Amino acid sequence: MRRVVVTGIGIVSALGIGREAFWQALCGKAIPNASTGGIRSEGIQPAAKHARTMGRIARFAVWASQLALEDGGIELRSLKADELGVFLGTNLDDVNLLGICRAFVAAGADPATGEPDLTRFARLALESLHPFDYLRALSNMPAAHVAIRG
């Protein structure tokens with residue numbers, strides 16, 4: 001069995017950004033001042049080649065990984081790439097629900113059955129959603145962006 005060492009913790013949460021702020025809020029010693037929707041990702045500027053595929057959650061993931069490196073006092077350049085790994089957890093994703101709902105409503109019902117017209121829905125969804133919406137919705141994209149960024 002190989003040992004794993006947690007060298008730093010990076011948290012981007014409505015309770016607090018960074019290990020200490022999060023812990024203080026968790027212990028009731030600080031009052032969080034942001035809702036999940038209030039956390040801004042504008043300060044995270046991805047490389048131009050990744051910007052179009054990097055959704056909001058992936059930006060938070062990259063931010064949290066930077067905080068974890070800082071928390072652990074780690075210089076990324078001093079590490080061997082083949083000895084690094086990414087373990088990332090999130091309860092959010094970047095699914096374009098509004099676009100999907102619009103396509104579903106526009107598809108309407110099959111006149112013969114009265115059931116939702118899923119064939120028309122699929123066509124409308126493919127036509128109306130941006131191709132990058134699919135990439136942003138993949139559950140492994142935040143971890144992939146963290147690994148690529150490193």
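1. As for handedness, α3 passes α7 in a right-handed crossing.

2. Which residues of α3 and α7 make the contact? On the α3 side they are I57, A58, A61, V62, S65 and Q66. On the α7 side, P142, H145, V146 and R149 take part. Sorted by class, the contact of α3 with α7 has six nonpolar residues, three polar ones and one charged one. You can pick out these side chains in the structure and follow them along both helices.

3. Now have a look at a second pair. Helix α4 (residues 97-107) and helix α5 (residues 118-128) pack at an angle of about 140 degrees, with 8 Å between their axes. That angle makes α4 oblique to α5, because only angles over 145 degrees count as roughly antiparallel. The crossing of α4 and α5 is right-handed.

4. What meets what between α4 and α5? From α4 come G99, I100, A103, F104, A106 and A107. Their partners in α5 are L118, R120, F121, L124, A125 and S128. By class, the contact of α4 with α5 divides into nine nonpolar, two polar and one charged residues.

5. Next, a word on charges. Side chains of opposite charge can pair when their charged atoms come close. How many salt bridges does a search of the whole structure find? There are two.

6. Finally, please keep the confidence scores in mind as you explore. The chain averages a pLDDT of 79, and 84% of the residues score at least 70. Which elements of the chain have the lowest and the highest mean pLDDT? Helix α2 (residues 48-51) has the lowest, at 69, while helix α1 (residues 19-26) has the highest, at 88. Where pLDDT is low, the predicted coordinates should not be read in detail.

Terms used
Residues are numbered from 1 along each chain as its sequence is written. This is a predicted model: local features need pLDDT of at least 70, side-chain atom pairs count only at pLDDT 80 or more; totals for chains, interfaces and linings use all residues. Side-chain values use heavy atoms; hydrogens and water are left out. A crossing is left-handed if the near helix is turned anticlockwise from the far one by less than a right angle, and right-handed if clockwise. Helices (H or I, at least four residues) and strands (E, at least two) are DSSP runs, numbered from the N terminus. Contact means heavy atoms within 4.5 Å. Ala, Val, Leu, Ile, Met, Phe, Trp, Tyr, Cys and Pro count as nonpolar, Asp, Glu, Lys and Arg as charged, and the others, Gly among them, as polar. pLDDT is the predictor's confidence in each residue, from 0 to 100. A salt bridge is a side-chain nitrogen of Lys or Arg within 4 Å of a carboxyl oxygen of Asp or Glu. Axes are lines fitted to C-alpha atoms, for helices over the stretch in contact, and angles run from 0 to 180 degrees between N-to-C directions. Angles under 35 degrees count as roughly parallel, over 145 as roughly antiparallel, 65 to 115 as roughly perpendicular and the rest as oblique.
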